[in-house]
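Could you look over this one with me? Here are my notes, point by point.

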Amino acid sequence: FIPLLLLPPVDRLPMPLPVAFAVFAMAWLMLDTVRMLLSFRTYSRTQITRGVMAHIIRAINHGICIANRRGWILEVNPAFISLCENLGIHKAEHIDEFDAALRALLDDGRLKISELENGKSIRAENAVYFLQRSSFKAAGKIFTQMALSDVTVIARAASELEHENERLAQNNQK
């Protein structure tokens, strides 16, 4: 719209009007540039504060545990604590303590652990759990995440389907 201000009638307008429009346009463009640069800085932040991380993991309905690169557990949601207590593990503060408790339960014969492609299947007396461990990076720091889920209902449904398939295979052979 600035070229429209420089038409022949501009010579008849008072001088401050075209200058005011030019200053307005320049200020607008400068403010837009500053806002764009500040938005780049805001979106480039990947730092997650501990409070935000705690709020996120407390809202999830399966067990989540976050540990730092040295293995010290930083955050645990209530579901992780209750699932660990169901397994027989009480108040681990380091991942090595958690692993040692799992090994002790395995040696006692209270658990059976199967290595899967993306985690571990843990069979207790009446329940089946799935433990997955992964790493992620936030604010340049590496964290370890353990996710523990109760998959007893899914395991029962899978075994029922296997039995049904075996029965159908035997009927087909007859």
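1. Start with the hairpin: four residues link strand 4 to strand 5. Strand 4 covers residues 119-123 and strand 5 covers residues 128-138; they run antiparallel, with four bridges between them. Isoleucine 122 has tyrosine 129 of strand 5 as its bridge partner. Two strands count as paired here if DSSP finds at least two bridges between them.

2. A word on what you're looking at: this is a predicted model, with local features needing pLDDT of at least 70 and side-chain atom pairs counting only at pLDDT 80 or more, while totals for chains, interfaces and linings use all residues. Numbering goes from 1 along each chain as its sequence is written, and side-chain values use heavy atoms, leaving out hydrogens and water.

3. Now follow strand 5 onward. Ten bridges tie it to strand 6 (residues 141-150), again antiparallel. Tyrosine 129 turns up here too, with aspartate 150 in strand 6 as its bridge partner. The hairpin of strand 5 and strand 6 has two residues between the strands, and alanine 139 takes a positive phi near 55° there.

4. For the whole chain, I get six helices and six strands (DSSP runs numbered from the N terminus: H or I of at least four residues for helices, E of at least two for strands). From the N terminus, the order is α-α-α-β-β-α-α-β-β-β-β-α.

5. How much is buried? Of the 174 residues, 25%, with buried meaning under 20% relative accessible area (1.4 Å probe, protein chains only).

Terms used
Buried means under 20% relative accessible area, exposed over 50%, partly exposed in between (1.4 Å probe, protein chains only).
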